[in-house]
Amino acid sequence: MRNKSKKILRYKNLIILFILYCVFWAVIVVILRLILKPSDRISLTHLIPLNDVLFELAFIFSFILPLSSVIGIFIGGYFIAPLILFLHKKIYGSKMYYGFQKEKYINKVKLLSRSFFPVLMAINLSSIFLTPKIIEFILEADIIAEIDTVSRAPVLTRFLAEAILLTITSGIATLFFSSVWFLKDSGIIFSNKKRLINSDESFILKSIGDWFQTILRSYAGIGAIITYILVINNFITSFIENITVPGNILNIPGLILWLGLPLYLAISLIPALIFNDIIMKKRVLYIRNIGRKLGIEDSVEITFEFKKKRDSVGF
C-alpha cells in the first residue's frame, strides 16, 4: 500500500499536467464555438464516428493520441525490442562480447528527455504522408471546401489533417523509441574490448539501446528540422499570395497551432510514460530473459582507470 502511494506521488505532477492539458482542449472547443457560432456542425473526418470538427479535434489530442502512444509502448517493447536484440546479436555477435550491467531503476519519469525525439519523429512521419490525396481522403470534403477554397487557409488545413495522421504516426514513433527504453533499461551492453588485445582498433562500449537510439535520433532530428523549414516557408509564401483575401488571416492561428504540436504531443505522451515506468521491473526481466536465450550470460562491471599523462622526454 505504501509503495502504491509513493508511485502516485511520483506521478502527481505529470497527472496534473495531463489533466490541465485535457481541460485546455475542452476550453478551446468552448471558446471557438462561442466565437464562430457555427449554425451547422461539420465533421472533421469520416475516420472518427463524431460529427463535430471541434469536438473531434479535442478528442484526438486528449484521448486518441495518448491511447496510440500506450499501444506503441506495448508493441515496441514486447515485440520490436527483442527483434532488435536478436538482429544485433546475429550481425555483430562474432565481433562483440555481451553482458548485463547491474540493474538501476529510475525513480523519476523524465518527460522532456524521453518524449522529445518520439515527438519529432511523429511529426516528421505525418508530414511525409501529408499529400493532397491523403488530405482529401482523411478530411471531409465540406471542411476542405470551407477552409481552402473559401478562406484560403492551407496552414489550418495542414494542421487538421496532420492531427489525424498523428494518431497513427505518434504510435509508430513511440513503438520504435519504446524499444530503445526497454533495451537501455535492461542493461544489456556490448563491447569489443576482449578482441582488442594487441590491436589498433578503437574501443567500443555501448548498450544495445544506445546503439539503436543513435539511429532513430539522427533520422528524427534532421527530418523534423527540414519539415519545419518547409512548412514555415509555405506559410510565408501562401500568406503573401493571399494577402487581400479576408480568410487568409486564419493562416496565422493555423501556424501557431501547428508550431505547438511538439508541446501537445509531449504532454499526450504522459500516460504512455507512466505506463512504461509502472511496468519497468517486468520489462527489464523480460528483455534479460530474452538475452539469456540468445546466449548472453555474463555480468559486467564498468570501471574507468585514469592515468596521468607523462611529461615528454627532454633533450
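A charge is taken to sit over a ring if NZ of Lys or CZ of Arg is within 6 Å of the ring centre and within 35 degrees of the ring normal. With that rule in mind, select Arg283 and Phe182 in this predicted model: the charged end of Arg283 sits over the ring of Phe182, 5.1 Å from its centre. Then select Arg292, which lies over the face of Phe100 at 5.0 Å from the ring centre.

Next, show the whole protein chain, which has 12 helices and 3 strands, and in which buried residues make up 45% of the 315 residues. Select Phe61, Leu139 and Phe159, which touch the most other members of the largest nonpolar core, a set of 77 residues. Helix H7 (residues 154-186) gives the most to this core, with 14 residues. Staying with Phe159 and leaving aside its neighbours within four places in sequence, display its contacts, among them Trp25, Leu57, Phe61, Trp258 and Tyr264. Phe24, Trp25, Phe61, Phe159 and Tyr264 form one aromatic cluster.

Now turn to helix H3 (residues 53-92), where Phe74 and Tyr78, being 4 residues apart, are separated by about one helical turn. Phe74 counts as partly exposed because its relative accessibility is 41%, whereas Tyr78, at 19%, counts as buried.

Finally, select Phe116 and Phe117, an edge-to-face aromatic pair with 5.1 Å centre to centre and 85° between the planes. Here Phe116 is partly exposed at 46% relative accessibility, while Phe117 is buried at 18%.

Note on methods: Residues are numbered from 1 along each chain as its sequence is written. This is a predicted model: local features need pLDDT of at least 70, side-chain atom pairs count only at pLDDT 80 or more; totals for chains, interfaces and linings use all residues. Side-chain values use heavy atoms; hydrogens and water are left out. A nonpolar core is a set of buried Ala, Val, Leu, Ile, Met, Phe, Trp, Tyr and Cys residues joined through side-chain atoms within 4.5 Å. Buried means under 20% relative accessible area, exposed over 50%, partly exposed in between (1.4 Å probe, protein chains only). Helices (H or I, at least four residues) and strands (E, at least two) are DSSP runs, numbered from the N terminus. Contact means heavy atoms within 4.5 Å. Rings of Phe, Tyr and Trp (its six-membered ring) pair if their centres lie within 6.5 Å; planes under 30 degrees apart count as stacked, over 60 as edge-to-face and the rest as tilted.
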